[in-house]
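Open the model in your viewer and keep the sequence panel beside it. The tour below tells you what to select at each stop.

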Amino acid sequence: MSDSFRPASDFLQTLLARGFVHQCSDLAGIDDRAKTGRLVAYIGFDCTAPSLHVGSLVQIMMLRWLQKTGGKPVALMGGGTTRIGDPTGRDESRKILTPETIEENKAGIQQVFSKFLDFGEGPGDALMVDNADWLLRLNYVDFLREVGRHFSVNRMMAMDSVKLRLERDQEMSFLEFNYMCLQGYDFVELNRRLGCVLQMGGSDQWGNIITGLDLGRRMGGEQLYALTSPLLTTASGAKMGKTAQGAVWLNAAMLPAFEYWQFWRNCDDADVGRFLKLFTELPLEEIARLEALGGAEVNEAKKILATRATAMAHGEAAAQAALEAARKTFEEGALSDNLPSVEIDAGEIAAGLGVLSAFVKAGLVASTGEARRQIKGGGLKVNDAAVADERAVIGPADAQGGVVKLSLGRKRHVLLKPV
């Protein structure tokens, strides 16, 4: 990718300036398409969970910027490919999901996309399609004759998703080996159906995307293009989207807006500028100002990051409620109704609920063993008072104002609500 390239399209100007571009097959070709306002591009998302997490947010934002700069984004749901499972970056096969589970997961993912893209039938409206619509109708022998003959096993064996697995003596099933063939065919099919000429994705998908680009050429289609984003890690080296408590889900049913806000608020100082560019739509001049803040002032930049990112995923009202809840909790020491809450049978509180079980039920720890370890380190609090005895119980007297505030460290809080 040439450092001297100066794009004319708003789309590539935005992606390059904000750090979205890692690899590209032909920047000038994509730029020519984008500046005419006729660029149709897609990213595929397999339906392996009921929601996407923050690790997919870079790709979602690429589609969002495409739409905002005049292009047409296509979100491809992998209702077909999820039945196989992408082997990329894995040492073992993915769990085979039932068709019912895949459909349920797809419905949850659709809710996420509705927050970021405007769907409809207009020229610039986003589309959501499912590769099950064509993959499940394929005749295997016909597919081998018409499509499979264009794939080189030699090249497939050289791809990282295959090569690394074999070098580690990890078994790869024939089912998984076919994944890149189906993903490549998706590109050809979307070009035929929707005029889609660009596939985007994370840099770990480069080999699969290039396979589709090459397949389109071999099958006599028009010129196709590939563009990937860098795989993000935090300043500490952790994989984006994962925390010690689990995945940072984009669906409110799986992670409350307050906890989502807290994830961004708690990011490393060194990540603030980069995250503002990738995960908000603030002007670059404003981001440069915030990035230059030092000392305690950087916390204001983190609050802006958290509020803007949360507004995009959960709505402005939820973002402001999370901001206010954080202010009350951390600056005033007050109890906020906007903190995450878990309902519990009032009878358990009346009888005396063991503190270890309470923190497990609240989802603040994964097990009673972890709760014991946290108590030894002074990490657990009930109504802001440190828990010193693992045999302690929570009773009616602890339900101040009808709730019990449980805290893990200084930044994670849950209200236990007896009902």
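**Stop 1: Asn-131**

Select Asn-131 and Gly-79: the side chain of Asn-131 comes to 3.3 Å from the backbone nitrogen of Gly-79. This is a polar contact, meaning a pair of N or O atoms within 3.5 Å; within protein, one must be able to donate a hydrogen and the other to accept it, and residues adjacent in sequence count only if both atoms are side-chain atoms.

Before going further, note that this is a predicted model: local features need pLDDT of at least 70, side-chain atom pairs count only at pLDDT 80 or more, and totals for chains, interfaces and linings use all residues. Residues are numbered from 1 along each chain as its sequence is written, and side-chain values use heavy atoms, with hydrogens and water left out.

Asn-131 itself sits in the loop between strand S4 (127–130) and helix H5 (132–135). Helices (H or I, at least four residues) and strands (E, at least two) are DSSP runs, numbered from the N terminus.

Is Asn-131 buried or exposed? Its relative accessibility is 1%, so Asn-131 counts as buried. Buried means under 20% relative accessible area, exposed over 50%, and partly exposed in between (1.4 Å probe, protein chains only).

Leaving aside residues up to four places away in sequence, Asn-131 touches several others, among them Leu-76, Met-77, Thr-81 and Leu-136. Contact here means heavy atoms within 4.5 Å.

**Stop 2: helix H11**

Select residues 206–218, which form helix H11. Its 13 residues should span 18 Å at 1.5 Å a residue, and the end C-alpha atoms are 18 Å apart, so the two agree. The expected span is 1.5 Å times one less than the number of residues.

Colour the buried residues of H11, which include Asn-208, Ile-209, Ile-210 and Leu-213. What covers the buried residues of H11? The cover includes helix H7 (153–158), helix H10 (179–194), strand S5 (198–202) and strand S6 (225–229). Just after H11, find Gly-220, which has a positive phi of about 80 degrees.

**Stop 3: salt bridges**

How many salt bridges does a search of the whole structure find? The search finds 20. A salt bridge is a side-chain nitrogen of Lys or Arg within 4 Å of a carboxyl oxygen of Asp or Glu.

Select Lys-68 and Glu-281, whose side chains form a salt bridge (3.7 Å, N to O). Lys-68 is in helix H3 (residues 57–68) and Glu-281 is in the loop between helix H13 (272–279) and helix H14 (284–291), so the pair ties together parts that are 213 residues apart in sequence. Glu-281 is partly exposed, with a relative accessible area of 27%.

Next, go to helix H10 and select Glu-189 and Arg-193, which are four residues apart, about one helical turn. Their side chains meet in a salt bridge (2.8 Å, N to O). An α-helix has 3.6 residues a turn, so residues three or four places apart point the same way. Glu-189 counts as buried at 9% relative accessibility, whereas Arg-193 is partly exposed at 46%.

Finish in helix H14 with Arg-289 and Glu-286, three residues apart. Their side chains also form a salt bridge (2.8 Å, N to O). Arg-289 is partly exposed, with a relative accessible area of 44%, and Glu-286 is partly exposed at 26%.
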